[in-house]
Amino acid sequence: MAGFRAVDRRHFPLDDIPSIVRLFKEQLESSSEPDLALLSIVVGAVENSLTCNRSVSVQKETDTLCEHKLPAVQYHITEALYSKFHALIKGAVDLTQYSGSKYATRELVKKVSDVIWNSLSKSYYKDRAHLQSLYSYLTGRRLDCFGVAFAVVAGCQVLGYRDVHLALSEDHAWVVFGEGGSQTAEVTWHGKGNEDKRGQPVGPGMGSRSWLYVNGCPVICTRPMEVAALVSAINPSLSATSDAMEVALLQQELLWLLYDLGHLTQYPMAIGNLSDLEEVSPTPGRPPCSTLFQEAAMSARTYYKNQHVYPYTYQGGYFYRHKMYKEAFESWANAADVIRLYNYSRDDEEIYKEFLEIANELIPHIMKVVSSGHSAHSILKDPECFAHLIRFYDGICQWEEGSPTPVLHIGWAKPLVNTISKFDADVRTQVVIECHEDEICNNKSSSGKGTAGNTKYLNNKYLNNNNYCKMREGGGGGNSTRDIIRSLESRV
Ligand SMILES: CC1(C)CN=C(N2CCN(c3ncnc4sc(CC(F)F)cc34)CC2)S1
């Protein structure tokens with residue numbers, strides 16, 4: 001649409017959270033598609049005014065939630081930026097070049113990606129905050145890697161293509177297009193120092209088994225889920241240690257609107273974002289954040305073959321912050337059960353850092369804290385805690401097996417040895433180690449091209465009955481947990 005619909009104009013000026021929620025609600029419930037450019041410009045303007053300007057207005061203590069006034073988003077500013085985006089896209093893409101098909105072609109998608117890509121400012125710090133919205137793009141010519149992918153989808157919407165949608169893994173974004181969303185295309189970069197693969201289909205399919213492409217189980221967005229992605233990408237941080245409260249409250253309200261409309265059901269990370277916000281500032285009458293973290297994990301199991309890691313690290317982080325250490329061990333073991341199916345490759349640094357922090361910071365901290373106490377109920381006397389930790393470490397070991405890049409090094413072994421040796425032998429012997437082969441792991445070892453620990457992998461199944469966990473010895477060599485445990489036994 002060339003300009004704002006008349007209905008949109010009357011929402012302005014947007015000077016508080018309810019007025020922005022009303023605009024989103026109307027966009028999401030109106031007959032035609034929600035307008036990604038309009039919504040991204042609006043939330044980008046609010047975020048920018050509350051997090052990027054030095055002139056931070058000190059909120060009067062007397063203010064209650066509903067009186068949270070925002071720096072008003074004026075209609076004429078929004079309309080000018082909206083028209084600028086339309087002019088940029090329509091001016092650069094001659095649609096007569098792309099046959100009359102209603103479906104986008106790879107050339108069209110690549111062309112829109114080039115228009116965004118070539119209009120970005122030449123050099124800026126790509127990992128900075130607040131570079132995800134079209135407001136940032138249109139006022140500063142700066143976008144982060146997610147922002148480029150989002151801008152391409154918004155640009156294709158401006159051109160009238162309803163088949164181009166955002167595809168999201170846990171650390172990358174690309175687009176699907178064509179009949180039934182059957183085609184894929186890279187449209188942005190990933191990580192540092194990697195040549196971008198823009199225009200190419202997302203590859204190399206299952207072969208690489210890298211976490212970056214979540215084994216063929218990305219979140220394929222509908223238009224409302226693309227709105228959920230732009231809302232999830234709102235970044236309230238003012239500095240490394242503080243958030244702009246109004247921006248966080250706006251994000252929370254918009255996520256509840258999307259939740260109630262059912263648009264987060266198949267989007268585990270957005271549910272996780274909402275749970276994090278609820279943990280900090282619970283909304284009366286809403287489910288507790290612990291329930292939401294569980295919903296995120298269930299969503300990943302239901303819709304994405306349990307191939308996503310973050311729902312379990314969201315949940316484990318929550319339990320850790322609330323000193324629910326046994327539950328944290330279980331969530332982290334569940335996260336390791338996901339990563340064990342992958343091969344660690346060079347693009348997977350983000351999840352490597354996540355597991356490194358859990359194994360070498362968070363678990364050792366827990367061990368230190370609980371070692372000071374001497375209660376009979378200590379987790380150090382609980383075989384199920386030991387079993388969760390073994391499952392956690394074993395998952396990381398299996399992740400490494402068959403991978404082109406090694407995972408473990410001595411920096412991992414010391415905290416691991418230290419942790420396991422905190423459990424007495426009579427507790428450890430209650431955990432029967434049982435490993436057996438099954439088809440998934442066979443595929444992993446057959447397709448694994450890696451060198452690190454390239455051995456025949458046997459899956460560790462955990463049968464949790466009679467209050468102990470069975471992990472039966474099997475074949476295999478490399479870093480299988482059995483070898484680690486055996487070597488530990490000889491030292492403890
Ligand atoms: C348990 C954690 C460490 C806490 N926050 C986590 N996030 C994971 C990434 N987040 C996300 N939240 C919603 N949608 C997306 S799409 C995406 C990949 C990017 F390249 F597009 C990331 C992401 C939000 C924050 S994982």
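Which residue forms a salt bridge with Asp196? The partner is Arg198, and the closest N and O atoms of the two are 3.2 Å apart. By salt bridge I mean a side-chain nitrogen of Lys or Arg within 4 Å of a carboxyl oxygen of Asp or Glu. Arg198 is buried at 13% relative accessible area, while Asp196 is partly exposed at 23%. The cut-offs here are under 20% relative accessible area for buried, over 50% for exposed, and partly exposed in between, with a 1.4 Å probe and protein chains only.

Before I go on, a word on the source. This is a predicted model, in which local features need pLDDT of at least 70 and side-chain atom pairs count only at pLDDT 80 or more, whereas totals for chains, interfaces and linings use all residues. Residues are numbered from 1 along each chain as its sequence is written, and side-chain values use heavy atoms, with hydrogens and water left out.

Back to the salt bridges. The count comes to 20. One of them joins Lys69 and Asp16, at 3.9 Å from N to O. Lys69 sits in strand β2 (residues 69-73) and Asp16 in strand β1 (residues 14-16), so this pair ties together parts that are 53 residues apart in sequence. Helices (H or I, at least four residues) and strands (E, at least two) are DSSP runs, numbered from the N terminus. Lys69 is partly exposed, with 48% relative accessibility, and Asp16 is buried, with 11%.

Another salt bridge pairs Asp394 with Arg340, at 2.9 Å from N to O. Asp394 belongs to helix α15 (residues 383-400) and Arg340 to the loop between α13 (325-339) and α14 (349-372), so parts 54 residues apart in sequence are tied together by this pair. Asp394 and Arg340 are both buried. There is also a network: Glu33, Arg162, Arg223 and Glu226 are joined by salt bridges that share partners.

Now the ligand. How many residues surround the ligand? There are 15, and the closest are Phe146, His172, Tyr267, Asn273 and Tyr310. The shell divides into 7 nonpolar, 5 polar and 3 charged residues.

Helices α10 (268-280) and α12 (310-321) each supply at least two residues of the shell, and α12 gives the most, with 3 residues.

As for particular atoms, a nitrogen atom of the ligand is 2.7 Å from an N or O atom in the side chain of Tyr267. A polar side-chain atom of Asn273 is 3.2 Å from a ligand nitrogen, and for Tyr314 the corresponding distance is 3.4 Å. Taken alone, the ligand exposes 570 Å², and the protein buries 75% of that. These areas come from the Shrake-Rupley method with a 1.4 Å probe.

Last, the cysteines. A search of the whole structure finds 0 disulfides, a disulfide being a pair of cysteine sulfur atoms within 2.5 Å. Why is Cys145 too far from the closest cysteine sulfur for a bond? Its sulfur is 15 Å from that closest one, in Cys221. Cys145 is partly exposed, at 27% relative accessible area. Cys217 is in no disulfide, and the nearest cysteine sulfur, again that of Cys221, is 15 Å away. Cys217 is buried, with a relative accessible area of 6%.

Methods. A residue is near a molecule or strand if one of its heavy atoms lies within 4 Å of it. A polar contact is a pair of N or O atoms within 3.5 Å; within protein, one must be able to donate a hydrogen and the other to accept it, and residues adjacent in sequence count only if both atoms are side-chain atoms. Ala, Val, Leu, Ile, Met, Phe, Trp, Tyr, Cys and Pro count as nonpolar, Asp, Glu, Lys and Arg as charged, and the others, Gly among them, as polar.
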